[in-house]
Amino acid sequence: MITPARLVAIITQLEHGYGRPEWRPRFSPLEELVFTILSQNTTDANADRALTGLRKRFPSWEKVAAAPPGKIAAAIRTGGLADTKARYIRETLAGILREKGDLSLNFLKQMGDGDAMAYLTSFTGVGVKTAACVLLFAFGRPVMPVDTHVFRVTKRLAFLGPRATRLSAHRILAAITPPPDVYSFHINLVKHGRQVCRAGRPLCGRCVIEPLCPSSIAKEPPLRPEP
Ligand code: SF4
(Lines give C-alpha, C1' and ligand atoms only; values in the text may rest on other atoms or scores of the structure.)
Protein backbone atom coordinates (compact mmCIF):
# COMPACT_ATOMS: atom_id res chain seq x y z
CA MET A 1 0.00 0.00 0.00
CA ILE A 2 1.23 3.51 -0.76
CA THR A 3 1.34 5.68 2.30
CA PRO A 4 3.09 9.06 2.38
CA ALA A 5 5.48 7.69 5.04
CA ARG A 6 6.43 4.68 2.89
CA LEU A 7 6.93 6.86 -0.17
CA VAL A 8 9.16 9.30 1.74
CA ALA A 9 11.13 6.36 3.18
CA ILE A 10 11.73 4.99 -0.33
CA ILE A 11 12.77 8.39 -1.72
CA THR A 12 15.11 8.85 1.26
CA GLN A 13 16.67 5.39 0.93
CA LEU A 14 17.20 5.84 -2.80
CA GLU A 15 18.96 9.14 -2.06
CA HIS A 16 21.17 7.36 0.48
CA GLY A 17 22.09 4.88 -2.20
CA TYR A 18 22.42 7.13 -5.25
CA GLY A 19 22.62 10.69 -3.88
CA ARG A 20 20.16 13.57 -4.27
CA PRO A 21 20.66 14.93 -7.80
CA GLU A 22 20.34 18.67 -8.21
CA TRP A 23 18.24 19.82 -11.15
CA ARG A 24 20.01 21.77 -13.85
CA PRO A 25 18.93 22.01 -17.49
CA ARG A 26 21.05 20.01 -19.93
CA PHE A 27 19.59 21.56 -23.11
CA SER A 28 17.38 24.48 -24.12
CA PRO A 29 13.68 23.49 -23.96
CA LEU A 30 13.46 23.09 -27.74
CA GLU A 31 16.59 20.95 -27.84
CA GLU A 32 15.25 18.88 -24.96
CA LEU A 33 12.10 18.24 -26.99
CA VAL A 34 14.08 17.23 -30.09
CA PHE A 35 16.47 15.09 -28.02
CA THR A 36 13.60 13.29 -26.30
CA ILE A 37 11.96 12.49 -29.65
CA LEU A 38 15.33 11.18 -30.84
CA SER A 39 15.67 9.04 -27.70
CA GLN A 40 12.39 7.18 -28.26
CA ASN A 41 13.10 3.43 -28.54
CA THR A 42 16.86 3.86 -28.33
CA THR A 43 19.63 4.68 -25.88
CA ASP A 44 20.63 8.17 -24.76
CA ALA A 45 24.03 7.60 -26.41
CA ASN A 46 22.37 6.97 -29.80
CA ALA A 47 20.08 9.96 -29.32
CA ASP A 48 23.12 12.11 -28.50
CA ARG A 49 24.81 11.02 -31.72
CA ALA A 50 21.66 11.78 -33.71
CA LEU A 51 21.35 15.25 -32.13
CA THR A 52 24.99 15.96 -32.97
CA GLY A 53 24.30 14.89 -36.57
CA LEU A 54 21.31 17.20 -36.74
CA ARG A 55 23.27 20.16 -35.39
CA LYS A 56 26.11 19.53 -37.84
CA ARG A 57 23.82 19.25 -40.86
CA PHE A 58 21.53 22.20 -40.07
CA PRO A 59 22.70 25.62 -38.86
CA SER A 60 19.36 26.48 -37.18
CA TRP A 61 16.10 24.91 -36.03
CA GLU A 62 14.31 27.05 -38.63
CA LYS A 63 16.28 25.20 -41.32
CA VAL A 64 15.19 21.86 -39.81
CA ALA A 65 11.56 23.00 -39.80
CA ALA A 66 11.80 23.81 -43.51
CA ALA A 67 13.89 20.79 -44.59
CA PRO A 68 12.57 17.78 -46.52
CA PRO A 69 12.08 14.89 -44.05
CA GLY A 70 14.54 12.76 -46.04
CA LYS A 71 17.39 15.19 -45.30
CA ILE A 72 16.54 15.25 -41.60
CA ALA A 73 16.38 11.43 -41.58
CA ALA A 74 19.84 11.23 -43.16
CA ALA A 75 21.25 13.47 -40.40
CA ILE A 76 19.76 11.40 -37.55
CA ARG A 77 20.25 7.90 -38.99
CA THR A 78 22.39 6.79 -36.01
CA GLY A 79 19.41 7.18 -33.65
CA GLY A 80 17.20 4.51 -35.25
CA LEU A 81 13.64 4.90 -36.64
CA ALA A 82 15.08 7.86 -38.54
CA ASP A 83 12.27 8.31 -41.07
CA THR A 84 9.55 8.38 -38.41
CA LYS A 85 11.49 10.62 -36.02
CA ALA A 86 12.42 13.00 -38.86
CA ARG A 87 8.74 13.43 -39.65
CA TYR A 88 7.85 13.98 -35.97
CA ILE A 89 10.64 16.55 -35.50
CA ARG A 90 9.85 18.46 -38.68
CA GLU A 91 6.09 18.56 -38.03
CA THR A 92 6.58 19.61 -34.41
CA LEU A 93 9.06 22.39 -35.21
CA ALA A 94 6.99 23.63 -38.15
CA GLY A 95 3.87 23.59 -35.96
CA ILE A 96 5.48 25.61 -33.17
CA LEU A 97 6.84 28.12 -35.71
CA ARG A 98 3.46 28.45 -37.39
CA GLU A 99 1.57 28.93 -34.11
CA LYS A 100 4.03 31.00 -32.09
CA GLY A 101 6.01 32.87 -34.75
CA ASP A 102 9.40 31.67 -33.52
CA LEU A 103 11.13 28.50 -32.44
CA SER A 104 11.23 28.76 -28.69
CA LEU A 105 9.32 26.98 -25.96
CA ASN A 106 9.86 29.72 -23.39
CA PHE A 107 6.15 30.60 -23.54
CA LEU A 108 5.52 27.34 -21.64
CA LYS A 109 6.84 29.11 -18.52
CA GLN A 110 3.58 31.07 -18.44
CA MET A 111 1.41 27.95 -18.62
CA GLY A 112 0.38 25.54 -15.88
CA ASP A 113 1.69 21.98 -16.00
CA GLY A 114 -1.57 20.59 -17.40
CA ASP A 115 -1.83 23.18 -20.18
CA ALA A 116 1.86 22.79 -21.05
CA MET A 117 1.43 18.99 -21.24
CA ALA A 118 -1.67 19.43 -23.43
CA TYR A 119 0.18 21.81 -25.76
CA LEU A 120 3.20 19.55 -26.20
CA THR A 121 1.20 16.35 -26.64
CA SER A 122 -0.89 18.00 -29.36
CA PHE A 123 1.98 17.22 -31.74
CA THR A 124 2.20 13.81 -33.40
CA GLY A 125 5.11 11.90 -31.92
CA VAL A 126 5.09 13.83 -28.64
CA GLY A 127 3.57 11.53 -26.06
CA VAL A 128 3.06 12.03 -22.35
CA LYS A 129 6.54 10.75 -21.46
CA THR A 130 8.26 13.03 -23.99
CA ALA A 131 6.27 16.06 -22.82
CA ALA A 132 7.01 15.24 -19.17
CA CYS A 133 10.74 15.01 -19.96
CA VAL A 134 10.66 18.52 -21.48
CA LEU A 135 8.86 19.97 -18.46
CA LEU A 136 11.04 18.20 -15.87
CA PHE A 137 14.48 18.42 -17.48
CA ALA A 138 14.26 21.78 -19.27
CA PHE A 139 12.04 23.71 -16.85
CA GLY A 140 12.50 21.87 -13.53
CA ARG A 141 8.73 21.38 -13.27
CA PRO A 142 7.51 18.62 -10.93
CA VAL A 143 6.20 16.35 -13.69
CA MET A 144 7.27 12.69 -13.53
CA PRO A 145 8.22 11.01 -16.82
CA VAL A 146 7.39 7.31 -16.69
CA ASP A 147 9.92 5.39 -18.73
CA THR A 148 10.44 1.65 -18.75
CA HIS A 149 12.56 1.72 -15.55
CA VAL A 150 10.22 3.96 -13.55
CA PHE A 151 7.27 1.84 -14.64
CA ARG A 152 8.90 -1.48 -13.72
CA VAL A 153 10.29 -0.38 -10.34
CA THR A 154 7.15 1.40 -9.16
CA LYS A 155 5.09 -1.62 -10.20
CA ARG A 156 7.32 -3.93 -8.14
CA LEU A 157 6.99 -1.50 -5.24
CA ALA A 158 3.20 -1.88 -5.61
CA PHE A 159 2.66 1.83 -6.25
CA LEU A 160 0.87 0.67 -9.39
CA GLY A 161 -1.65 -2.12 -9.70
CA PRO A 162 -1.13 -5.07 -12.06
CA ARG A 163 -3.36 -3.47 -14.71
CA ALA A 164 -1.68 -0.06 -14.62
CA THR A 165 -0.58 1.41 -17.93
CA ARG A 166 2.18 3.94 -18.54
CA LEU A 167 -0.52 6.59 -18.90
CA SER A 168 -2.22 5.77 -15.60
CA ALA A 169 1.25 5.55 -13.97
CA HIS A 170 1.86 9.21 -14.89
CA ARG A 171 -1.33 10.21 -13.10
CA ILE A 172 -0.73 8.03 -10.03
CA LEU A 173 2.91 9.02 -9.54
CA ALA A 174 2.09 12.70 -10.11
CA ALA A 175 -0.58 12.53 -7.42
CA ILE A 176 1.58 10.88 -4.75
CA THR A 177 5.08 12.34 -5.21
CA PRO A 178 5.88 15.52 -3.27
CA PRO A 179 6.77 18.15 -5.94
CA PRO A 180 10.25 18.98 -4.52
CA ASP A 181 11.19 15.29 -4.76
CA VAL A 182 10.01 14.54 -8.30
CA TYR A 183 13.37 15.19 -10.00
CA SER A 184 15.39 13.17 -7.49
CA PHE A 185 12.84 10.34 -7.40
CA HIS A 186 12.76 10.08 -11.19
CA ILE A 187 16.55 10.12 -11.63
CA ASN A 188 17.09 7.59 -8.85
CA LEU A 189 14.34 5.24 -10.03
CA VAL A 190 15.98 5.16 -13.46
CA LYS A 191 19.42 4.46 -11.92
CA HIS A 192 17.92 1.81 -9.67
CA GLY A 193 16.08 0.18 -12.57
CA ARG A 194 19.24 0.07 -14.69
CA GLN A 195 21.63 -1.13 -11.99
CA VAL A 196 19.66 -3.23 -9.49
CA CYS A 197 15.93 -3.64 -10.13
CA ARG A 198 16.63 -4.92 -13.61
CA ALA A 199 14.07 -6.22 -16.09
CA GLY A 200 15.26 -9.79 -15.73
CA ARG A 201 15.97 -11.15 -12.28
CA PRO A 202 16.30 -8.14 -9.93
CA LEU A 203 19.31 -7.98 -7.59
CA CYS A 204 17.19 -7.73 -4.44
CA GLY A 205 20.09 -8.77 -2.19
CA ARG A 206 21.86 -5.51 -3.15
CA CYS A 207 18.77 -3.29 -3.06
CA VAL A 208 18.71 -0.20 -0.81
CA ILE A 209 14.90 -0.32 -0.59
CA GLU A 210 14.55 -4.06 -0.15
CA PRO A 211 12.92 -3.88 3.31
CA LEU A 212 10.24 -1.61 1.81
CA CYS A 213 9.51 -3.75 -1.25
CA PRO A 214 6.72 -6.35 -1.37
CA SER A 215 8.24 -7.97 -4.48
CA SER A 216 11.64 -8.73 -2.98
CA ILE A 217 13.06 -12.14 -3.82
CA ALA A 218 16.07 -11.62 -1.53
CA LYS A 219 14.71 -13.94 1.12
CA GLU A 220 13.47 -16.64 -1.21
CA PRO A 221 15.07 -19.98 -0.43
CA PRO A 222 17.62 -21.03 -3.03
CA LEU A 223 16.44 -23.46 -5.68
CA ARG A 224 17.07 -27.06 -4.61
CA PRO A 225 19.32 -28.90 -7.01
CA GLU A 226 17.54 -31.51 -9.06
CA PRO A 227 18.05 -35.07 -7.82
S1 SF4 B 1 13.68 -5.51 -3.56
FE2 SF4 B 1 14.05 -6.33 -5.62
S3 SF4 B 1 12.12 -6.05 -6.72
FE4 SF4 B 1 12.07 -4.72 -4.92
S5 SF4 B 1 12.85 -2.74 -5.64
FE6 SF4 B 1 14.58 -3.87 -4.80
S7 SF4 B 1 15.50 -4.91 -6.57
FE8 SF4 B 1 13.43 -4.27 -7.17
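## An overview of the fold

Starting at the N terminus, the elements of the protein follow the order α-α-α-α-α-α-α-α-α-α-α. In total there are 11 helices and 0 strands; helices (H or I, at least four residues) and strands (E, at least two) are DSSP runs, numbered from the N terminus. Keep in mind that this is a predicted model, where local features need pLDDT of at least 70, side-chain atom pairs count only at pLDDT 80 or more, and totals for chains, interfaces and linings use all residues. Residues are numbered from 1 along each chain as its sequence is written.

The C-alpha atoms fill a box of roughly 65 × 45 × 30 Å along the principal axes. Of the 227 residues, 35% are buried. A residue is buried if 20 or more other C-beta atoms lie within 10 Å of its own, exposed if 12 or fewer, and partly exposed in between, with C-beta atoms placed from the backbone. Two residues are in contact if their C-beta atoms, placed from the backbone, lie within 7 Å. Among contacts with a separation of 6 or more, 62% join residues 24 or more positions apart.

## Two domains

The protein is divided into domain 1 (4–22 + 145–212) and domain 2 (29–139), with bounds that come from an automatic or database domain assignment. Their C-alpha centres lie 27 Å apart. Where they touch, 9 residues of domain 1 are in contact with 5 residues of domain 2. On the domain 1 side, the elements giving two or more residues are α10 (166–176) and α11. That side divides into 5 nonpolar, 2 polar and 2 charged residues. Here Ala, Val, Leu, Ile, Met, Phe, Trp, Tyr, Cys and Pro count as nonpolar, Asp, Glu, Lys and Arg as charged, and the others, Gly among them, as polar.

## Around the ligand

Which residues are closest to the ligand? They are Cys197, Pro202, Cys204, Cys207 and Cys213, out of 14 residues that surround the ligand; a residue is near if its C-beta atom, placed from the backbone, lies within 6 Å. By class, this shell has 10 nonpolar, 2 polar and 2 charged residues.

## Helix α1 and some positive phi angles

Helix α1 (residues 4–18) has 15 residues and should span 21 Å at 1.5 Å a residue, which agrees with the 21 Å between its end C-alpha atoms. The expected span is 1.5 Å times one less than the number of residues. Just after α1 comes glycine 19, with a positive phi of about 90°.

Most residues other than glycine have a negative phi.

Asparagine 41 counts as exposed because it has 12 C-beta neighbours inside 10 Å, whereas leucine 81, with 16, counts as partly exposed.

## A look at valine 190

Valine 190 sits in helix α11 (residues 182–195). Is valine 190 exposed, buried or partly exposed? Valine 190 counts as partly exposed because it has 17 C-beta neighbours inside 10 Å. Leaving aside neighbours within four places in sequence, valine 190 is in contact with Asp147, His149 and Val150. Valine 153 is 37 residues from valine 190 in sequence, yet 8.5 Å away in space, C-alpha to C-alpha.
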